[in-house]
Each structure stands twice: as structure tokens, then as C-alpha cells.
Amino acid sequence: MNPREAQADDPAWLKAAFGDLGIKEVPGKAAHPRVVEMFADARAPHVKDDETAWCSAAVCSWMVRAGQRPTYSLAARSWRQWGKPVSGVVPRGAVVVFRRGSGWQGHVAVALGDQGSNILVIGGNQQNSVSIIGYSRAALVDVRWPSSAANSNVVRAGAVSIASGLGSTVWDFAGRLFGGGGDGEDGGVLDTLRDALYDVSYTELGQKLLLLVTIASVGVMLVRYVKRQLRPLPEVPLPEGPSIEVEPAALATPDLIRGSGQRGRKTKPAPKRRRKRKAAE
């Protein structure tokens, strides 16, 4: 058996991955339409290029097309919270997460075979394409497999039955509100609510909540500032008390002037007339 070729007993998501084998990024501003579809399947329809890291989007797309519930996150390490862990030999079709760069970075792909020191995988954004390469086991941080709780057909069927009893209107509304379970999609109200909690990316949710709180705080401060500027100034009441009569000012005299610290004019005394003494005859 050649691990690089699709097998009849391969899980559906692995067969979907082989269907995309060979897809490459388009140079320049253009984008490969299949990569854009992968972002849409990962519930990131705002991404319209193939320059954004798309390894997790590829695995999300393959899981969606296989009828499985992915993480709906573009973060490779989000798959560490998906499904159930697998220990020992890495099985063919398992979702494998590898270490890359800093603590929050990583790479996710689908295993094709355990070669001992290397893990052969098929994945997206590998050499700018969907390709088959080997990764060192030393970089392997997690191996996951779909859990029965998250992907059980029994759970889905029960949720559909409950939802159908509530009526098609409520069913469609719940599907559009929580991003699942609407027309053309499987699942029910309970299934949709569970997915809304299961598929949440806590990092993205925290960033959005922080942004909303910041915008709300700035808005509140702006409203308060505008209100203060538009508020009319209060009138200051005149103090009530006995009226004070002002008497005419007294005439300033030299003494008063000198007493006030100012220098007044001094009047010269009238010269005394000296009587001429008659000469004695």
C-alpha cells in the first residue's frame, strides 16, 4: 500500500483532502478560488486571498465536506481542543498538530502514515500548496480523532427531531442566529447551541469582547463630554442681605492725606513785616 495514494477505506475527510491535492497559491493579488472556498467553509468568508495562513482552513473544509464538525478557527492549535486525543502509533486520517515558530503558532494536517521519526501528512499551505510531506515527530504536539460526542449521528438525529417539533420557523431562525442548522444544513437547535459553544475560539472571542468594551467606554465618555458642553451654566443668585448706604466721601485734608501715607503740600507762613526802626534823631 502506497501511503501517498488514496485508499478505499480512507475516512471521508481524507478522501476530500486527496481531492484537493496539487492546489497551489496564485502569485500576485489573485487568489485560488478553492482556497477562498476553504476559508468560507471555516466560517471566515471575509478572507478573499490565499496569502493568509490556510492550513487550518483546509482541514476545516475537508471536515465540513465529510459531514464532521471542525473547529471553525484559522488557528492551527485550535485543533488541540477538537475530538479526542490519540496515543501511540499515529493512525491514518488522524488530525495532527505540529509546533512551529512561537508558542501560539503551529501547523495542522491529516496523517497518512507513521514512519517512526517522521509523520507523513497531507495538508494545506505546505510549500504554498496542498501537498504531501513528512514532519519530524519531535515537532508533533497533538494527535486528534473525531469524538463520538461531537460527531455522533444519533445526537444529530435526536436534535433534528426536537427541532422539527418546534416548527420550521424557529428552526430556520435558530440556524441563522447561531450559524448552523438552517436550510440545507444538518443539525438542530440543541445541536446548534452545542456547536456555538464548542466551536468558539476563545482568543477571538476575548479580542472582540475587549474591542466592544473599549468602544463602549469611549462612547460613554464622549456622550458625557458632549452633555457637559451643552449643559447651560447655572445662574448665580445674588446674595440677600441688608442694603448698604454709601455716604459721600469726606474731603481730603492735608492731615488726612498725610495720614493715608501720601505726602501733602505744606503752606508757607505769611512773611512777617518788619518795622523799620526810625533812626534816632
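**Entry 1: the whole chain**

Among contacts in the chain between residues at least 6 apart in sequence, what percentage join residues at least 24 apart? I found 52%. Before going on, I noted that this is a predicted model. I then looked up the secondary structure, and the chain has 9 helices and 6 strands. Of its 281 residues, 36% are buried. The chain exposes about 19200 Å², and 58% of that area comes from carbon and sulfur atoms.

**Entry 2: the order of the sheet**

Next I wanted the order of the strands. I found an open sheet of 6 strands, which reads β1-β6-β2-β3-β4-β5 with antiparallel pairing. The edge places belong to β1 (84-85) and β5 (131-136), each of which has a single partner strand, so one side of each is left without a neighbour in the sheet.

**Entry 3: strand β2 and its two partners**

I then turned to β2, which covers residues 95-99. Is this strand mostly covered or mostly open? It is mostly covered, with 4 of its 5 residues buried.

On one side I looked up β3 (residues 106-114), which runs antiparallel to β2 and is joined to it by 5 bridges. V97 is the residue that faces V108 of β3. The two strands form a hairpin, with 6 residues between them. In that turn I noticed G101, whose phi is positive at about 65°.

My next stop was β6 (residues 140-145), which pairs with β2 in the antiparallel sense over 4 bridges.

- V95 stands opposite R144 of β6.
- V96 stands opposite V143 of β6.
- F98 stands opposite L140 of β6.

Why do I call β6 largely enclosed by the rest of the structure? I do so because 5 of its 6 residues are buried. I also looked up its link to β1, and 2 bridges join these antiparallel strands. K84 has W145 in β6 as its bridge partner.

Is S147 buried or exposed? Its relative accessible area is 13%, and since buried means under 20%, S147 counts as buried. Leaving aside its neighbours within four places in sequence, I found S147 in contact with G83 and K84.

Which strands does helix α1 lie across? Helix α1 (residues 12-19) lies across β3, β4 (118-123), β5 and β6, and runs at about 105° to β3. Helix α3 (residues 55-65) also packs on the sheet, where it touches β2, β3 and β4. I noted that the direction of α3 makes about 55° with that of β3.

**Entry 4: F39 and its surroundings**

I picked F39, in helix α2 (residues 33-41). F39 is buried, with a relative accessible area of 0%. Not counting residues up to four places away in sequence, F39 touches A44, P45, V47, D49, T52, A53, W54, A57 and L74. I also checked F39 against C55: they are 16 residues apart in sequence, and their C-alpha atoms are 10.0 Å apart in space.

**Entry 5: two loop residues with positive phi**

R43 is in the loop between α2 and α3. Although R43 is not a glycine, its phi is positive at about 60°. R43 is partly exposed, with a relative accessible area of 37%.

Q127 sits in the loop between β4 and β5. Its phi is positive too, at about 55°, and Q127 is not a glycine either. Q127 is exposed, with a relative accessible area of 67%.

**Entry 6: a nonpolar patch**

Which residues form a nonpolar patch on the surface? I found L222, Y225, V226 and L230, with about 420 Å² of accessible area together. One of them, V226, belongs to helix α8 (residues 202-230). V226 is partly exposed, with a relative accessible area of 37%.

Key:
Residues are numbered from 1 along each chain as its sequence is written. This is a predicted model: local features need pLDDT of at least 70, side-chain atom pairs count only at pLDDT 80 or more; totals for chains, interfaces and linings use all residues. Side-chain values use heavy atoms; hydrogens and water are left out. Buried means under 20% relative accessible area, exposed over 50%, partly exposed in between (1.4 Å probe, protein chains only). Two strands pair if DSSP finds at least two bridges between them. Contact means heavy atoms within 4.5 Å. Axes are lines fitted to C-alpha atoms, for helices over the stretch in contact, and angles run from 0 to 180 degrees between N-to-C directions. Patches are made of residues with over 30% relative accessible area and no salt bridge: like charges are joined within 9 Å, nonpolar side chains (Val, Leu, Ile, Met, Phe, Trp, Tyr) within 5 Å. Accessible areas come from the Shrake-Rupley method with a 1.4 Å probe; for residues, only the protein chains shown count as cover. A salt bridge is a side-chain nitrogen of Lys or Arg within 4 Å of a carboxyl oxygen of Asp or Glu.
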